[in-house]
Amino acid sequence: MSGKEVLRIEELNVFYGAIHALKGISLTVNEGEIVTLIGANGAGKSTTLNTICGLVKPKSGRIIFEGKDITDKAAHDIVKMGISQVPEGRRVFANMSVMENLELGAYLLKDKVEFKRRLTKVFERFPRLAERKGQLAGSLSGGEQQMLAMGRALMSAPRLMLLDEPSMGLAPLLVKEIFAIIKELNEQGTTILLVEQNAHMALSIAHKGYVLETGNIVLSGPVWELAENPQVKEAYLGG
Ligand code: ATP
C-alpha cells in the first residue's frame, strides 16, 4: 500500500491573529493511501487543508508535494500542480447548473478530448449528476451536492484529493454511500487526505490516521491501531 511520498507537512504553524490554530504539526501522505485527520470542532482540521491548498499562509513550516516545496505557492498554482480540495459544506455554485459546476472544476484544461474523457468518468461514477446535468446545483439534495463537489474536484484529475467533512449534514445512509464512493475513488488510484468528525466512518476506510487536538497532533498510526486506542475510543468512537 505505502507507495512513494506524495505530501509531507513539516512543523506547520498557522495563526489567525492571536489564535495559534496549528502548533507545529507534521504529517505525511503516501501514494495510494487514504489518510484521515480526525478531531473535534475547532481542532484545526479545515485550517490544515486550507493551508495545504494555499488559501491560508503558515507563519512557519513547510509543505512538500511530490518533492516540491509549495508552501509559498498561490492557490491556483497548487491546483495546477495536482491538488484539489472538496470544501466543507460542499460549496457548489448554487445558481449554476450541474454541468457548469463541473466545467469550472476543469477550467484550467484546454484539451477538449481530455475534458470529455474526464466528464464521462465523472458521469459514470455519479450517474445522478448525468441525469441532472442541466439542473441548478442549488436544487440538488445534500447528498447530490456532495457528489457534485467531489465530481467537480475530479474534473481537475487531482493526484491528491483533500476532502473536508464529506459526511457533514448527511443522513446515515448517504454517509455510507459517500464513503463507499471515496473508497472506490481511492481503489482506482486517487490519493486522499480526509478530514472528518465522524471518526467511526473515517477509520473504517482510511489506511493511516492522525488525531488533532487544539492544533496539535496527539496520536497517529495505522487506523486499526487508532481504533483500538482507549483514548480514541473514549473521545471519538463513543466509548
Ligand atoms: P470544524 O470542524 O469546526 O471546522 P476544524 O477542526 O476544522 O473545526 P478549524 O476550522 O481549522 O477547525 O479552526 C481551528 C481554530 O482556528 C479554531 O479555534 C477556529 O475558531 C480558528 N479559526 C478558523 N478559521 C478562522 C478564521 N478565519 N479567523 C479566525 N479564527 C479562525
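Start zoomed out: the centres of domain 1 and domain 2, taken over C-alpha atoms, are 23 Å apart. This is a predicted model, where local features need pLDDT of at least 70, side-chain atom pairs count only at pLDDT 80 or more, and totals for chains, interfaces and linings use all residues. Residues are numbered from 1 along each chain as its sequence is written, and side-chain values use heavy atoms, with hydrogens and water left out.

To colour the domains, select 1–82 + 158–238 for domain 1 and 90–157 for domain 2; these bounds come from an automatic or database domain assignment.

Next, look between them. Here 18 residues of domain 1 are in contact with 15 residues of domain 2 (contact means heavy atoms within 4.5 Å). The two domains bury about 1,400 Å² between them, 68% of it on carbon and sulfur atoms; buried area is the accessible area (1.4 Å probe) that two parts lose on being put together, summed over both.

Then show polar contacts (pairs of N or O atoms within 3.5 Å). Which residue has a backbone N or O atom 3.0 Å from an oxygen atom of the ligand? That's Ala 43. On the side-chain side, a polar atom of Glu 165 lies 3.3 Å from a ligand oxygen, and an N or O atom of Gln 197 lies 3.2 Å from one.

Terms used
A polar contact is a pair of N or O atoms within 3.5 Å; within protein, one must be able to donate a hydrogen and the other to accept it, and residues adjacent in sequence count only if both atoms are side-chain atoms.
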